[in-house]
Amino acid sequence: MGYSSFAQKGAIRGRIIDNVTEQPLDGVTVILLTDSTIGTTTNAEGLFRLENLPIGRVSLSFSYIGYETITLPNIDVISGKDVPVDIRLTESFSTLNEVVLSSGPKKDKAINKMAAVSARQVSVEEITKYAGGRSDVARLASNFAGVSAPNDSRNDIVVRGNSSTGLLWRIDGIPVPSPNHFSTLGTTGSPVSALNPNVMGNSDFLTSAFPAEYGNAIGGVFDINFRKGNTDNYEYTVGVGALTGFEGMAEGPMGKDGSFVVSARYGLAGVTGGLGTGAIPNYSDISFNLDFGKTKLGNFTLFGIAGNSNIGFNGEEDYDDDDLFSAPDENFDYNSQFGMIGLRNTISLNDYSSVKTTIGGSFSGQEGQIDRIFDYGTPQANLLRFADIDNTETRLTLSSVYNAKFNNKFTFRGGVLLEQFNLSASVANRFDLPDNDGDGYPDYQQRISSDDGYTVFQPYAQGQFRLTESFTLNAGLHAQYFSLNEAFVAEPRASLTWQLARAHSITFGYGLHHQNVPAPILFLNENVSGTNIQANRDLDLVRSSHYVLGYDLRPGTGWRAKIEAYYQDIANAAVDAYSSSYSSLTEGSDFLFSFDKLNLVSEGIGHNYGLELTIEKFLSNGWYSLATASLFEAKYEGSDGVERNSPFNNGYVFNILGGKEFKVGKNGKNVLSFDSKFSTSGGRYYTPVDLAASQAAGYEILQDDLAFSEQYDPYLRLDLKIGMKINSSRKKVSHQFYVDFQNVTNNENVFIRQYNRLTNSVDQIDQIGFFPDFGYKIQF
């Protein structure tokens, strides 16, 4: 670490690789733009460390013969720890000696260079910086064009009118179940994320027409990367926050040239009231990434997450009129777990190709019991078991990817992904059931009973063809085999980028995608003559065709504008065999799936289309801004052939974010920041309650013929965040404070409108109102 005799300095470290082969680049020149005397070069492993940097925002230049020179602006150098950056350089098109200066940052472009349409990079700084984000990467995505998440109580990601169940989560190439606390079987969201930004690196978010390496998803992809630890020094972080809870992180060198990073958290949201319930939720997680360095057999990395959460509602004790989750006549205990582990080996075959192989496993479990007081508030009050949940989903995964760059105009990537799913699921309850046994209470029925599994096999091949300096073609083929119905499908994918001029480009993309119907629907039980039969097991894969046309403009350094139009055609959705409004495309908008959808057929259709606009100024001169607008329609048809609004059809979503940093204190080493976010969207469509029928039955009955015909009021929220960063002048220590005023106008956004069995009326519950999040972190 470099020191000045007068003031603390900072350092930036990182690794530079080829953007296709992922081979390290030896001898890349790294220079501080404001002082060319401060510079260094990468070693044989592509690693560099630049010391004696001034505290504050700095910009670096990365140049290498035969590759496009790039600048990385506004890197936030602090006194408490080295700043990690990972750089991917692109080989020049024309000659090996040509050097092309890039026009500013490419943060809007995906890390995966074969993802040319409907994709952007997500930085760790954005996760922790934006107002209202709760340090949750899923909530960060709601700021991007095409994403709708008007629900303060859950972090589901709804992409272009698709159900959140259409989203694929990947961690370092391994598909995983919902990486969240308090998750439920088959869903992809929850109140609290288990992904820890302290161990995350920059990642990719894709909204349609994915490259051929992604499969078994029709709505979107979140491709999460873990970062490597510091290979030179040991560093530590300790913090506390209203929603992030207590957190601690350690990182440093391991072995000859390896590193480790480990971070753990324990939640406090139940104590601070940030989840909208009077019950006390407990949740904790640990994440790690262990890089064992270079060996004769290549580079090995072990990574993983383990999370645990539990919550208990004790009837009247935890209930109030504004509680989002509890009821005065119910006792509810719920436990959930999430875990994944992976071992990755990367080996170079030669100068232009490599193989990356990962074996991994993931685990998601839920256990819960609901006891309800029937005849509540009367002398006949009777406490009975209402629901039992005991689910365990495990996945074993093998992934192997071959990368090759045969020349600067043609690159190839091919591989296989093999997943073995095993589901041990037991769900028994009295939800929406009649009293057939005459005991005066709804029957208690086994809805899911499964100890089964299935295999998903996905081979793929894709290439990038730089046809001319202006035209780049990405094309590939993905295939998928699903063992339950023995379906095998082939899916062509392609995108074409035309660079009209330095600041103008047009992109077109097409992709065919398939995804299996969610497991809670596939494994539903039907009792036939005393025998449980899973009549939905053979449902077809849902098919989706994506068409995308986009235009990118870079009006100046650090600015970009993008407009994108899309159309999505969906077929083979699961619908009732008889005439009804139901479709599996409407699942995923709540914690639970339907329990009464048996003998479904794969005849449902849907379509989504829209127009999206993004205008973004990346952080420079102390300020940034982001404005996104999405106008869209999401429709579906059930077996009755009537076109209806999807429950995810908000119609419009607008986000405006901005922030400003001010240097304060002696020598301007400290930073005072102000960040803001304004979001609004159309309300979700919902199905009205048949009040008379509900009162007669004692549970909610919806008007099926009017499915999703009514709309909640528009969603609106304003968040304001104030932060302070203090860099020590003498020690390698930095402090960060923030207060995030969420929903500062205390707008009453609708959470749900449903039948209340206690009042015999349709009642409305609103989402979380004004809430001040806060946090403190020390890094040393």
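Okay, a definition to start: buried means under 20% relative accessible area, exposed means over 50%, and partly exposed is in between, using a 1.4 Å probe and protein chains only. With that in hand, N746 is partly exposed, with a relative accessible area of 43%.

Some ground rules. This is a predicted model, so local features need pLDDT of at least 70 and side-chain atom pairs count only at pLDDT 80 or more, while totals for chains, interfaces and linings use all residues. Residues are numbered from 1 along each chain as its sequence is written, and side-chain values use heavy atoms, with hydrogens and water left out.

How confident is the predictor? pLDDT is its confidence in each residue, from 0 to 100. For the protein chain the mean is 91, and 96% of the residues reach 70 or more. I'll mention helices (H or I, at least four residues) and strands (E, at least two), which are DSSP runs numbered from the N terminus. Confidence is highest in strand β36, residues 643-645, at 98, and lowest in helix α3, residues 269-272, at a mean of 61.

Two stretches to flag. Contact here means heavy atoms within 4.5 Å. Residues 1-6 stay under 50 in pLDDT, and the model gives them 16 contacts beyond four places in sequence. Residues 96-105 also stay under 50, with 31 such contacts.

Back to the backbone. Most residues other than glycine have a negative phi. N746, in the loop between β42 (734-742) and β43 (750-756), has a positive phi of about 55°. N216 has a positive phi of about 55° too. N216 sits in the loop between β15 (200-206) and β16 (220-226), and N216 is buried, at 12% relative accessible area.

Technical notes:
pLDDT = per-residue confidence, 0-100.
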